[in-house]
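Have the viewer open as you read.

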There are 2 protein chains.
Amino acid sequence: MAKVLTSRKENYAQWYNDLVIKAGLAENSAVRGCMVIKPYGYAIWEKMQAELDRMFKETGHENAYFPLFIPKSFFSKEADHVEGFAKECAVVTHYRLKNKEDGQGVEVDPAAKLEEELIVRPTSETIIWNTYKNWIQSYRDLPILVNQWANVVRWEMRTRLFLRTAEFLWQEGHTAHATRKEAEEETRQMIDIYADFAQNYMALPVIQGHKSEGERFAGALDTLAIEALMQDGKALQAGTSHFLGQNFAKAFDVTFTDKTGKLDHVWATSWGVSTRLMGALIMGHSDDNGLVLPPKLAPHQVVIVPIYKNDDQYDTVCQKGEEIRKALLKKGISVKFDKRDTQKPGWKFAEYELKGVPVRLALGMRDIENGTIEVARRDTMKKEIMPVEGLPEKISALLDDIQEGIYKKALKFRDENIHYVDTWDEFVDTLENKAGFIMAHWDGTAETEERIQNETKASIRVIPFDSKQEEGKCIFTGKPSKQRVLFARAY
Amino acid sequence: MAKVLTSRKENYAQWYNDLVIKAGLAENSAVRGCMVIKPYGYAIWEKMQAELDRMFKETGHENAYFPLFIPKSFFSKEADHVEGFAKECAVVTHYRLKNKEDGQGVEVDPAAKLEEELIVRPTSETIIWNTYKNWIQSYRDLPILVNQWANVVRWEMRTRLFLRTAEFLWQEGHTAHATRKEAEEETRQMIDIYADFAQNYMALPVIQGHKSEGERFAGALDTLAIEALMQDGKALQAGTSHFLGQNFAKAFDVTFTDKTGKLDHVWATSWGVSTRLMGALIMGHSDDNGLVLPPKLAPHQVVIVPIYKNDDQYDTVCQKGEEIRKALLKKGISVKFDKRDTQKPGWKFAEYELKGVPVRLALGMRDIENGTIEVARRDTMKKEIMPVEGLPEKISALLDDIQEGIYKKALKFRDENIHYVDTWDEFVDTLENKAGFIMAHWDGTAETEERIQNETKASIRVIPFDSKQEEGKCIFTGKPSKQRVLFARAY
Ligand SMILES: [Zn+2]
Ligand SMILES: [Zn+2]
């Protein structure tokens, strides 16, 4: 069968785009930079949402919803924040269209100009802290642990499906606390939750750490991030959690009286993951045949394909297939039984390979005679014949094995591609010839960071939490350094 | 205890607004016409979403996501559609802000003007049918059964929380079919699902029927609706399902080849419910003490309040309360155990009355001695002492009883407020002195409908599916009519 995807070796970026389109995950829309998330892609996103939402709620967070629009003046209230987002804002200036005088279509009605322009939210700190002002008077009103699932817009000139789009879907947590310590603990708790989700659901190992000052969120005192390694050796930031200090509370004058009656500004965090995670999931595991999905996030964990030569065989095979479907379902396994008579088995095999269904079952007349079924796993492409007796337990165990196998494979790849380098030459050579993560010493200045980035396009991804304290010299300036930081070229 | 709400008799509109604010459901934001949905309100919406989403999926629908923005030119492609929505569109004209030269804040960057303005979606038919054009070639690509959960914006001058807001949350189904018949069946299936949801989850009886031509969705050949009666005698449209014919397929040139090889335009439906349902839920059941929530949509079905005089008692009561909480949880009942030591039981009782928690349990020392607990139901405000032994089964049955009781009460009220009138004087008198639904004859013309509305502010809500065929005379013109239609003043 002809390959439907460009291979990764040939052109990694093209392979990614082919895969997103051909597996039916997403496509570009008529609106520049905005994507359509297709049903199969959205079903994966829904699985992600469900798990994350559960994790947020188990740690005491509640969902709420804040306006899509932010008054322009709110933006200016936190200086770093406006600096960070002003250049990529979609701006609403009018609230009405009218018929053109020549009768050819509609035009913006100049009489319906807004007094103050509205920004389509690129993130919601400002509108939310303006709201929190009315919710918080006393320490008894704290903490506020709120999350929002929403769409946001950041105007982008060069876009890529899921990885960088003008509109994207995300969740943004916004919490308010009485003490610095509690806010810092929340910031850390949430990046830990993201790491847990990445590793145990997406099957993607990640490195957690602090962003350097230059890479912090606009308005944050500290940004924590998780970084995953893609198969082409580039890093992908998969989630961030920000300690905002009292910056937004000061900008919006949000104060509270503590237990002793003293007035203070409230401490804040915000944290988010987006549909960008879809890009990480796709690039983390997939191969030249298509998607490879971890069973915990696959819309269908198992697909059953009937094999038959005539109507009688079709009926027999479908009856048995239906029994098997129900038995798997009862075991909590999500199953699709593709009984369509309009497509051949070979076409279906290729289709489900492309779509990354973790386990494919094929059932024909000989299987029925023998009480067996053919079981193919997507990750290793290995096939075996199993007895139908006891199948649900075996498939359940197989799904666990696939989930673990995918993770271990990604972990091995990641670990083989962390390079410890000590000189500038090594650094440049590694970037050019090996790619991957680089652990190297840095003198801690924004200036050096910027110069390294300008020369190599590699940036500091994180200062890892577990980077051990050691004496070293900055690879670029030779100045003293106390720990290695993680460099990479990144998405 | 002082009443926190204006009474319904005194001022129904004020009662509604008080209730939404004081029960913590929603509030107005700094952006005109846009609301903040607070955690408790959002939790109810999430329950609604979960049930509706399940119903959609059980009938073969999948979720997807389409862009927030619609190019202005798309709007003009379906003539009725643009006519219907052009006057309430938020328009994005620029994609960047810049610092003001005086350093005081930011302004729209005139250099970043869009070539074509973008409309913030008021509904997504146009962008979706422009997308479907690429998805559909053959009958094998049909039907497409897609739903989207999203925010939409319709600029409104006079807004009311949940009932009419510039931005609101909703779901919009958009389906594509090979035949007229299949599309019409889908249109009907979805209004039936909405009616099922309203009656069996929201506990609100509804009347289903066709909208008159004048009240149809902009671009539809037929609009089906469900109408509920609020306690003040006004109607509320709680969901609509539109048969769009081939209008959007023609506007966006979406054709398919049928089984015989013939080319035809695709048939379409769209259907939606929104956060307006929150308004219906609140106004349908609540009383002067606060919300009354049907157990199936209540974030907490049961709240446990401990009664104690000192620390020892607190520990004893909390231990028993915890046992009871776990037992109820095991039975699938959602329980909140309010152990807070910062609020008195009386305050908590009032709070959960206001928030409409269906069942309140109060547990004190005497109860523990007697092996009993006080059970209060929110709908009837009746209290009784029950043995703790076998409590989960009894509470489970009680919740069913409350769900049914709330529905029956609303049904009785609705049925008592359907008036059959045969003359204009009766019609006017009923509207002024009784309110409610009016079943009356109408001559079937848009002109008469409009004149009746201008004179009385009552509109035709629906032509009910089950309105029996009978000879009659239009209450306004005296012209012949074959069936009664449903009139009311409406939200
Ligand atoms: Zn830090
Ligand atoms: Zn009809």
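Start with His210(B), which is partly exposed at a relative accessible area of 30%. Keep in mind that everything here comes from a predicted model. His210(B) sits in strand S11 (residues 207-210) of chain B and Asp222(B) in strand S12 (residues 222-229) of chain B, so the pair ties together parts that are 12 residues apart in sequence.

## A strand covered on both faces

Next, look at strand S19 (residues 359-363) of chain B. Here 5 of the 5 residues are buried, so the strand is largely enclosed by the rest of the structure. In a regular strand the side chains alternate between the two faces of the sheet. For S19(B), one side carries Val359(B), Leu361(B) and Leu363(B), the other carries Arg360(B) and Ala362(B), and all of these are buried.

Which strands does S19(B) pair with? Strand S17 (residues 302-306) of chain B pairs with S19(B) in the parallel sense, over 5 bridges, and Val302(B) stands opposite Val359(B). Strand S20 (residues 372-377) of chain B pairs with S19(B) in the antiparallel sense, over 4 bridges. There, Leu361(B) is found opposite Val375(B).

## Domains in chain A

Over in chain A, the division is into domain 1 (12-76 + 121-285), domain 2 (300-398) and domain 3 (418-488). The C-alpha centres of domains 1 and 3 of chain A are 27 Å apart. Their contact involves 19 residues from domain 1 of chain A and 16 residues from domain 3 of chain A.

Putting domain 1 and domain 3 of chain A together buries about 1400 Å², and carbon and sulfur atoms give 66% of that. On the domain 1 side, Ile207(A), His210(A) and Ser212(A) lose the most area to domain 3 of chain A, together 33% of what that side buries. The interface between these two domains has 1 salt bridge by the rule used. Glu227(A) and Arg461(A) also meet through their side chains in a salt bridge, at 2.9 Å from N to O.

Met48(A) belongs to helix H2 (residues 39-58) of chain A. Met48(A) is buried, with a relative accessible area of 0%. Beyond its neighbours within four places in sequence, Met48(A) is in contact with Phe197(A), Met202(A), Leu277(A), Met278(A), Leu281(A) and Leu297(A). By contrast, Lys72(A) is 24 residues away along the chain, and its C-alpha atom is separated from that of Met48(A) by 33 Å.

## Where the two chains meet

How many residues does each chain bring to the contact? Chain B gives 62 residues and chain A gives 62 residues. The area buried between chain B and chain A is about 5200 Å², with 69% from carbon and sulfur atoms. In chain B, Tyr65(B), Tyr95(B) and Leu97(B) lose the most area to chain A, together 13% of what that side buries.

The rule finds 2 salt bridges across the interface of chain B and chain A. Glu46(B) and Lys57(A) form a salt bridge, with their closest N and O atoms 3.2 Å apart.

Methods: Residues numbered from 1 in each chain as written. Chains lettered and ligands numbered in written order. Predicted model: local features only at pLDDT ≥ 70, side-chain atom pairs only at ≥ 80, totals over all residues. Heavy atoms only, no water. Helix = DSSP H or I, 4+ residues; strand = E, 2+ residues; numbered from the N terminus. Buried < 20%, exposed > 50% of the residue type's maximum accessible area, 1.4 Å probe, protein only. Pairing = 2+ DSSP bridges. Domains from an automatic or database assignment. Contact = heavy atoms within 4.5 Å. Buried area = accessible area lost by both parts, 1.4 Å probe. Salt bridge = Lys/Arg side-chain N within 4 Å of Asp/Glu carboxyl O.
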